[in-house]
Amino acid sequence: MTNREKIAVSTAHAPAAIGPYSQAVCAAGLVYTSGQIGLDPATGNLVEGGIEAQTERVFLNLKAVLAAAKSDLSKIIKATVFLNNMNDFAAMNQIYAKYLAENSNVTPSRSTVEVARLPKDALVEIEVIALL
């Protein structure tokens, strides 16, 4: 891949794209993921168990997409978190830290915003940019 190419990433181990977008795109040494919500890729349904369970599933989905791009969670440099309710921040942040802070000496930069609504009425959506 040259710096001028962009390559779509797709894996059956994360929810399939349901519109005109890719699960992720690799370009210029980076992978840009689409936002992931807490969908179980096997059923296409949101996982039950509230913000904690949905955040766990989001990270499993991100992990699968990054692996398909030949990257991983340790290479994330930027994360954007969309919350349906900012009151869920602490619970989301605990799971986030488990995946991105506890085993890293450089945590990604991050933005977190509350939004009016997410696809399928999810409680959380996260998109990331990672090194290849």
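Reader: What is the handedness of the crossing of α1 and α2?

Author: In this predicted model, where local features need pLDDT of at least 70, the crossing is right-handed, a term for a near helix turned clockwise from the far one by less than a right angle. Residues are numbered from 1 along each chain as its sequence is written.

Reader: Why are α1 and α2 called roughly parallel to each other?

Author: The axes of α1 (residues 50-68) and α2 (residues 89-100), lines fitted to C-alpha atoms over the stretch in contact, come within 8 Å and cross at roughly 30°; angles under 35 degrees count as roughly parallel, and the two helices are therefore described in that way.

Reader: Which residues of α1 and α2 make the contact?

Author: With contact meaning heavy atoms within 4.5 Å, I51, E52, T55, E56, F59 and L60 in α1 meet A91, M92, I95, Y96, K98, Y99 and L100 in α2. These residues divide into nine nonpolar, one polar and three charged, where Asp, Glu, Lys and Arg count as charged, Ala, Val, Leu, Ile, Met, Phe, Trp, Tyr, Cys and Pro as nonpolar, and the others as polar.

Conventions. Predicted model: local features only at pLDDT ≥ 70, side-chain atom pairs only at ≥ 80, totals over all residues. Heavy atoms only, no water. Axes fitted to C-alpha atoms, helices over the stretch in contact; angles between N-to-C directions. Helix = DSSP H or I, 4+ residues; strand = E, 2+ residues; numbered from the N terminus. Parallel < 35°, antiparallel > 145°, perpendicular 65-115°, else oblique.
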